[in-house]
Amino acid sequence: MEYKLTFEAYNKALKKNKLLGLTCKDCGTITAPPKMVCSECAGTNLDIVELSGKGTIKTFTLNNVAAEGRECEAPYTIVLVELAEGPWIMGNLMVIDPAVVTMDLIGRPVSMGKLGPKVFPGDKYSAGDSARPLFNLES
Amino acid sequence: MRKVFVVGGAQSPFTVAQQKTQVELFSEVSMEAMAASNVKSKDIQAIFMGNVLGDFSEGQAMVQAFAADNIGCAGIPANRYEGACASASVAVRDAFIWVASGFYDIVLVGGVERAASLGTPLATRTFAMASDRSYEFPSGLTFPAVFAMLAHLYAKTYDKPLEQVKEEMATVSVQSYKHGIHNEKAQMRKEVTMEQVLSSFVVSTPLQLHDCCPFSDGAAAVILASEDVVKKLTAKPVQITGVGQASAGPLHGQKKTLPRIYSRELSVKQAYDMAGIGPKDIDVCELHDCFSIASLIAAESLGFFEYGKSGEAWIEGQADIGGKVAINPSGGLKSRGHPIGATGAAQVYEIFRQLRSEVEPQRQVPDAKIGMTDTLGGDGGTLVNIIMKRGW
Ligand SMILES: [Zn+2]
């Protein structure tokens, strides 16, 4: 059975700041990032949909120690965002000010900014590049 | 199913980067484990080994086969298990199943790792390989960052001020150091105070250096034997009475249960059900404290304390020797060290020795009869629990 929304296709879209997911024609659940089957009912009756990129922060961290090859990125804020469509997705937050990156972030609305995603160019282990959403705090 | 017993074991010192190869580290503990179990190389029918990053740390894959040859067990089946930090526990569970099934009578199970030899940058990179490479590592996810996010989520979920959770986390680390100082094989044998924990370098908010376990080199091994042969090997065998294992997908896909790790709840239920016991029956538990917050989360899902309350339990001494359940009298991953492919075997070996009252007296759990291990791989991707009791 063919994979409906591959990493390659998802990544290509995300690099253009389009966040893709899958909608289940059986139960209506949105699955994102993509999987082989619906995250709720394990069904395979799936269509590709573009998601809003809007949601709220569920949790976060301001990370100071990066993996080898990515040291120049630190410090950076990682967030798990609950999208308006339901799924949780990982990304970065524009803000790295320790005075702002506090427990008060949890529940704050965010949206994928106009600046576009950030792209990890890849290293010798990663078989290519990979984008992640970059979120802005909504006022 | 036949009864399966641990009859002996060994652990190398867990250390910072050192020069012995993985084959050498594993061979040493294997020979010690065999000697302690009154078996010879020719008696071993199969090897089950946890090893995660040997390919990266010293350019050696398939270390299990070379180790088998090295210890005079050439020709026997030798399997490598990779379940990130839970690798050796997966090996123990599989070995248990093979012996219980009647296929083997005596097997060597263990693990080896040179995680410290990787150096912090490459170790951070390769450990992150046990997270989702497609949809989470791109955001810069590291292992401290996983548990850092769980710590914030824990505070939010149970409506606790972050400062309180941080104090609870620091209490976990202080207790682990307190026990590890007496463990001759531990990597970090020093007293660390609350103040030192809370003033240490911030790795990934809210986790500080002393909230995190170290990178370690080391090996551990145990010998498992069937009920048909165990009496010939030792008068004090320790029986494996329950095992559990479960898997989970990427962190984002665990949204319904986080900060709880649902693979743990599936795994420990299997283990409790098989052993026919519950959390109140556990005297001593070696649980996966890769980060201090991981201990709080684990102890709740294992059923020792109510959700959101384990920090108070630690502060009251309920997780210490003499409390409700003695957690990590070895010093845990925090102080004993965490050579990831070996950790599960070291936990099993610790419970084995605790039940036989053979550890250093300062950290011996008095009259411990039933113990459990809890080993987590990745961000819950692999979770194994093993319950053991005195078999004499
Ligand atoms: Zn569905």
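Start by selecting I327(B): setting aside neighbours within four places in sequence, it is in contact (heavy atoms within 4.5 Å) with Q175(B), C285(B), L287(B), A299(B), F304(B), F305(B), W314(B) and A319(B). You're looking at a predicted model, where local features need pLDDT of at least 70, side-chain atom pairs count only at pLDDT 80 or more, and totals for chains, interfaces and linings use all residues. Residues are numbered from 1 along each chain as its sequence is written, chains are lettered from A in the order written, and side-chain values use heavy atoms, leaving out hydrogens and water.

Now widen the selection to the largest nonpolar core, which has 66 residues; I327(B), F147(B) and M372(B) are among those with the most contacts inside it. Such a core is a set of buried Ala, Val, Leu, Ile, Met, Phe, Trp, Tyr and Cys residues joined through side-chain atoms within 4.5 Å, with buried meaning under 20% relative accessible area (1.4 Å probe, protein chains only). Colour helix α6 of chain B, residues 143-157: it gives the most to this core, 11 residues. Helices here are DSSP runs (H or I, at least four residues), numbered from the N terminus.

Next, show α7(B), residues 162-180, with α11(B), residues 292-301. They pack at about 95°, axes 8 Å apart; the axes are lines fitted to C-alpha atoms over the stretch in contact, with angles from 0 to 180 degrees between N-to-C directions. That makes the pair roughly perpendicular (65 to 115 degrees).

Last stop, the chain contact: 41 residues come from chain A and 34 from chain B.

Notes:
Buried < 20%, exposed > 50% of the residue type's maximum accessible area, 1.4 Å probe, protein only. Helix = DSSP H or I, 4+ residues; strand = E, 2+ residues; numbered from the N terminus. Parallel < 35°, antiparallel > 145°, perpendicular 65-115°, else oblique.
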